[in-house]
Amino acid sequence: MIFTRLTPFVVAMVVSSPVISKPYLADNVVFKHHFEATVDGQYLDASGNGNHAKIFGDSYAITAGAQGNGIEFLDGLTYLEIPLGDFNPTEFTVSWRLKISHLETEGNGYNQQIGSQWGQFHSHSSADKQNGAHGGRVQIGTLRDDRLNSADTGAQNGYILNEWVHITATQDIDGLFSYYKDGVLIASKQMAASDPWGTFTVGKKNRLSAGMYGTLDELYLYDISMTAEQVAMLHNFEELDRPPVEHTSALWGYEGELWQPTNRLPFVALAGYQEGKDPIPDDLPIVANIMDFGAKSTYEVEADTAALLAAVAFAATQVNAENLGVLWIPEGEYRFDQPLIFTQPGLVIRGAGQDKTTLYFEGGMVDHGGTINDFMITMGQKQSYQRWNNAFSFGLNNEDLPQRGDFEIRLADAISDDVFDRIAAQGYRIRLAQQVKYGENSESPNLAAEINGTSMPLPNSSGGMLLKQNFIVEISEDRMTLTLDRPLMWTVTDEEIYGGARMMTREFPGSDSQRMGIEQLAIHFDSTKVTGHSGSAFGQGGIYMAGDNSWVKDVYIFNSDNPIAVGKNTHNNQIEGITLDADREPRLSGASGKRYNSHGHHGITTRGESTLVRDITVLKEFTHDITIVNCLACVISEVDGGQFNMDHHRQVVYSSLWTDISIQNPNRMWLSTGNMSEGQASGAYTTYWNIYTAEPTFIVPFPQDENTTRRQWGFLPINMMGVNTTNVPAVGETNLPWPYDATGPMLETITAQDIYPQNIYEAQKKSYFEGKLHGMTSPQTRYSR
């Protein structure tokens, strides 16, 4: 990943991850033909996509190819077809190897036709009658009349009799068509996009009547435009579709074939808005315009504040959770001196862009009776629960409690009619909840040990949290068993703290605070001085997300103490495309030798279940840049920062994931604090996957002895794959867990540059929705209520 997204406010710093030299293309293959095997009388598409090739005519032979077998066309009349239906790519790569045996010079002298049936992509050679040694000049392009002619490609860059020639053609999304011979770029030209290709043909059956003479091999089609580096790799027979096995994790493999619901790699495929099943909507209707309510966008604080509050109140009457709508704030700077709270499901506040619409909040929450940790914008209602009320919840069978990775939950009693109807009305969505106390001195020591996954004694800590996981369920006929659509995250214990584990049908109040958004704008605060650990003295918090299934997207936040925070009792919120910046006077923080300027308290605070934070640029450091606290199956993905830290703030951080992270200076990357009485910094199965640092990092979480500050992490099963580290395996060992204890930390010695896939969240999500994960079928077919 390379981050170069800038706003007009961002001029000081752009940091980037390494350029990955081998971006694998397994997802972009349309067909691959080696002519090694047949299926139902057709030549097998080796890509697995089922685009097999059928031969017409009988004057051909399977013979030695450029690598393995090839197919030799003997008479210029035999041809081959590959049906592609309505295939109509915005970019593509076509590649083949051909050794021609004959040069047809009669008539138009056309030979070696390869392309779509009606010429949307085509290539043929023109006989060079003045030089019989040449097999012909290549003419190639997207249309017959929009192409590179022989004058462009040259006689020396076409086919040669009785010699293997490798031809590759690419067209990128901007229409640039490029012709390569033997891995070397020969010519490029802007060309028009074509219509659907229909049937891909090789040989005489086409409008040019150009026959094929010679042996064809390695016929490939991709729906992506390869780079020059990739074309060279293709020419050298290097693997483009997937990496060597030593670049994959023992917990995952290539597409999840090694993953098990019970293994150490957590299941996070359903993180984010609508569990990843639907994208954040971008085509919503505008139901209100702030200008219609008296906004001035001319630094008139009183008018803009009144207009915002009135516009939000009106827009709330026009939307609901099923019919979302936009409160539109056009380009301009708007000033407000009051906090904003909106709770209506379906309401989205949208600007004209983070470089066009600015919401400027004067002062802070302290001016409005709040504290330095409060927020100027709140989305949704802070939630509480009715989890022990029998009208809304029911207990589990303590004689047959489910384990981590299970797909069934057995109940203590049959579900009543009232509760069954409530579950059905909620789309068969239900939540499991169990209370855990943090320390070994608590009323739930077994569950505390399970969540922390540690064999070391837990500290005597106070406080606790509610573990919770959402499911879509099928209910057995006797109403005693629930079948889950995803694996259970923890092993349920029989500890009866607050009534033990129970299934909840809904939460009160605020259970309908969902599907709200803030997007495409900037939020600014006064340039106050950072005076303490918590930021300024004014309470300049940005956005607090108290509802579910909501989002903050494409937002630039400037001079905030706490730019964005997610509530702990929420699920499936998404924070995406965020830039954090400041010009305020910072506070010098950090231990000796690792000092840094803190421009605020928590940059982004991630809580709840299945929260997704992605595409984040941290331009100025905070005391805690991105925090995970009270988090289950949360995902932090695609973060770009300088002296960035991954803050684990205790209160149970369990089965969460950091992936595709770029940190230029690793000095403080593991710096994590929080209240020592609230448990260990991280719980079990927290995973770090593709964490790039400019210099190798010493891995702090792995404990060296019980007396160091690392003691707070415990000896727990966390996972590190693709972390640039100074830790190395013993002589003769490669890519093995470290240390070699299934209950302890695991380090696989693959570099961030090499690990495949680069983003395990995206890979797991794709495999889940394609029904490829072990023990799990496609949710679209398994749960289709």
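Is Phe-267 buried or exposed? Phe-267 is buried, because its relative accessible area is 11%, where buried means under 20% relative accessible area, exposed over 50% and partly exposed in between, with a 1.4 Å probe and protein chains only. The model is predicted: local features need pLDDT of at least 70, side-chain atom pairs count only at pLDDT 80 or more, and totals for chains, interfaces and linings use all residues. Residues are numbered from 1 along each chain as its sequence is written, and side-chain values use heavy atoms, with hydrogens and water left out.

**Aromatic rings**

A pair of aromatic rings is described by the distance of the centres and the angle of the planes. Rings of Phe, Tyr and Trp (its six-membered ring) pair if their centres lie within 6.5 Å; planes under 30 degrees apart count as stacked, over 60 as edge-to-face and the rest as tilted. The whole structure holds 25 aromatic pairs. Two of them are listed here.

| Pair | Type | Centre to centre | Between the planes |
|---|---|---|---|
| Trp-259 and Phe-267 | tilted | 6.0 Å | 40° |
| Tyr-654 and Tyr-685 | edge-to-face | 5.9 Å | 70° |

The pair of Tyr-654 and Tyr-685 links distant parts of the chain, 31 residues apart. Tyr-654 is in strand β44 (residues 653-654), while Tyr-685 is in the loop between β45 (657-663) and β46 (687-693). Helices (H or I, at least four residues) and strands (E, at least two) are DSSP runs, numbered from the N terminus. Tyr-654 counts as buried because its relative accessibility is 0%, and Tyr-685 counts as buried at 15%. Trp-259, with a relative accessible area of 0%, is buried.

Tyr-685 also has Arg-404 over its face, at 3.9 Å from the ring centre. Arg-242 lies over the face of Tyr-254, at 3.9 Å from the ring centre. A charge sits over a ring if NZ of Lys or CZ of Arg is within 6 Å of the ring centre and within 35 degrees of the ring normal. One aromatic cluster is formed by Phe-31, Phe-87, Phe-92, Trp-96, Phe-121, Phe-177, Trp-197 and Phe-200.

**A sheet and its helices**

An open sheet of 6 strands is ordered β26-β31-β28-β29-β30-β27, and its pairing is antiparallel. Two strands pair if DSSP finds at least two bridges between them. At the edges are β26 (393-395) and β27 (408-410), each of which pairs on one side only. From one strand to the next, the twist averages 40°. Strands β28 (residues 429-437) and β31 (residues 502-504) run antiparallel and are joined by 3 bridges; in β31, Arg-502 is the bridge partner of Ala-433.

Helix α5 (residues 445-452) packs on the sheet and touches β28 and β29; its direction makes about 105° with that of β28. Helix α4 (residues 417-425) lies across β26, β28 and β29 (464-475), at about 85° to β29. Axes are lines fitted to C-alpha atoms, for helices over the stretch in contact, and angles run from 0 to 180 degrees between N-to-C directions.

Strand β30 (residues 481-484) contains Thr-481, which counts as buried because its relative accessibility is 16%. Leaving aside neighbours within four places in sequence, Thr-481 is in contact (heavy atoms within 4.5 Å) with Glu-408, Ile-409, Arg-410, Glu-474, Ile-475 and Ser-476.

**Chain totals**

The protein chain comes to 7 helices and 48 strands. Of its 785 residues, 60% count as buried.
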